[in-house]
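Here are my notes for a first look at this entry. Please keep the model open while reading them.

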Amino acid sequence: MSDSEEERGKGERPWALILGASSGTGAAIANAVARKPGLDVFGVHRGRYVDNAALVERQVKEAGRRALLWQADASTPEAAEAGVQALREVAGPRSVKLFVHSIAGASVGRFLSEGEDRLHARRMRRTFDTMAHSFVYWAQALVAEDMLAPDARLLGLQNSLDETHLSNTALISASKAALEMYVRYLAMELGGKGHRVNLLKFGTVLTPALKHVYSPEALVRLEAAHARMNPAGRMCTVEEVANFVGVLTGDEAGWFNGATIDFTGGMTLRLLDLVLNP
Ligand SMILES: NC(=O)c1ccc[n+]([C@@H]2O[C@H](COP(=O)([O-])OP(=O)(O)OC[C@H]3O[C@@H](n4cnc5c(N)ncnc54)[C@H](OP(=O)(O)O)[C@@H]3O)[C@@H](O)[C@H]2O)c1
């Protein structure tokens, strides 16, 4: 694309702002929405997956869209303001059709542990900043800079831990509960302006976040367990989730608001059966 074409497109072409675009779910969403519905992508990440960030940039450009990967810790209000201003410079006002919060950065452990995995105050604050508060910081910055396109879609991501207990994940679950409430209240505040704010809940998909937490043997066990749990007899893929985000960006999904949209494929339906009738 020539510079003049790029200048002409400023403010007219719809963008996706994706926090956590260099890996896993965020990377897959960047690739999917660049193709359908065809959004330019501004992705934020801290630079731990440099090769994958470059791959995402290539994939988006191959789809004929612009890609800009921005490196920063997205968990602070200052980063949100700086990131949105950087985006405004390339995209122009009212250009963000889709905002997705796809950051994974939580401490795992136990509140009363005497060991290394104790969930102390600093870890609690850090997890909530990263997994929950930052959703609000970026929404506030987008509004302050007049960056939301008409009928914009803001999306948080949820897992199934709101339904069932999983050891060591107290902070993940608690911060996601806060995120769910932020989504509902922002839906109320933004609904009248024509925007939609939702939470997309999906089951386990294999991403680096999981590979970070589980050993290769545990991952094999995890996959087998999900094949037993999920009615479909297999794990969901990150591409399935990403393609569905494309659907949620479409006009037909415009009435979803303040919702927790269940895309888990029935992942927890069989839990009792598996325990009581093994
Ligand atoms: N994987 C699952 O099974 C699953 C299921 C349901 C919901 N989800 C949700 O989906 C989201 C993404 O998870 P994932 O599994 O795709 O994670 P992932 O593969 O680890 O990717 C996380 C992304 O966030 C970036 N990131 C982390 N902390 C950041 C920070 N402070 N500032 C800027 N970027 C940051 C990472 O890059 P850098 O580290 O370089 O910054 C990376 O691009 C999470 O909210 C998770 O709860 C995941």
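1. Start with the sheet. This predicted model has an open sheet of 7 strands, paired in parallel. The strand order is β3-β2-β1-β4-β5-β6-β7.

2. Which strands stand at the edges? They are β3 (67-71) and β7 (260-263). Each has a single partner strand, so one side of each is left without a neighbour in the sheet. From one strand to the next, the twist averages 20°.

3. Strand β6 (residues 196-202) runs parallel to β7, and 4 bridges join the two. Here K201 stands opposite D262 of β7.

4. Now the helices on the sheet. Helix α3 lies across β2 and β3. Its direction is at about 160° to β3. Helix α5 (residues 121-144) also packs on the sheet. It touches β1 (15-19), β4 (96-101) and β5 (148-158). The direction of α5 makes about 165° with that of β4.

5. Next, a helix pair. Two packed helices are described by the angle between their axes and the distance between the axes. For α2 and α3 (residues 50-62), the axes come within 9 Å and cross at roughly 10°. That angle is under 35 degrees, so α2 is roughly parallel to α3.

6. Which residues make this contact? From α2 come A27, A30, N31 and A34. From α3 come N52, V56, Q59 and V60. By class, the contact has 5 nonpolar and 3 polar residues, and no charged ones.

7. Turn to the ligand. How many residues surround the ligand? There are 31, and the closest are G20, G24, R46, R48 and A209.

8. What is the make-up of the shell around the ligand by class? It has 13 nonpolar, 15 polar and 3 charged residues.

9. Finally, confidence. The protein chain averages a pLDDT of 95. Of the residues, 96% score at least 70. Residues 1-5 need care: pLDDT stays under 50 there. For this stretch the model has 1 contact beyond four places in sequence. Where pLDDT is low, the predicted coordinates should not be read in detail.

Conventions:
Residues numbered from 1 in each chain as written. Predicted model: local features only at pLDDT ≥ 70, side-chain atom pairs only at ≥ 80, totals over all residues. Near = placed C-beta within 6 Å. Nonpolar A, V, L, I, M, F, W, Y, C, P; charged D, E, K, R; others polar. Axes fitted to C-alpha atoms, helices over the stretch in contact; angles between N-to-C directions. Parallel < 35°, antiparallel > 145°, perpendicular 65-115°, else oblique. Contact = placed C-beta atoms within 7 Å. pLDDT = per-residue confidence, 0-100. Pairing = 2+ DSSP bridges.
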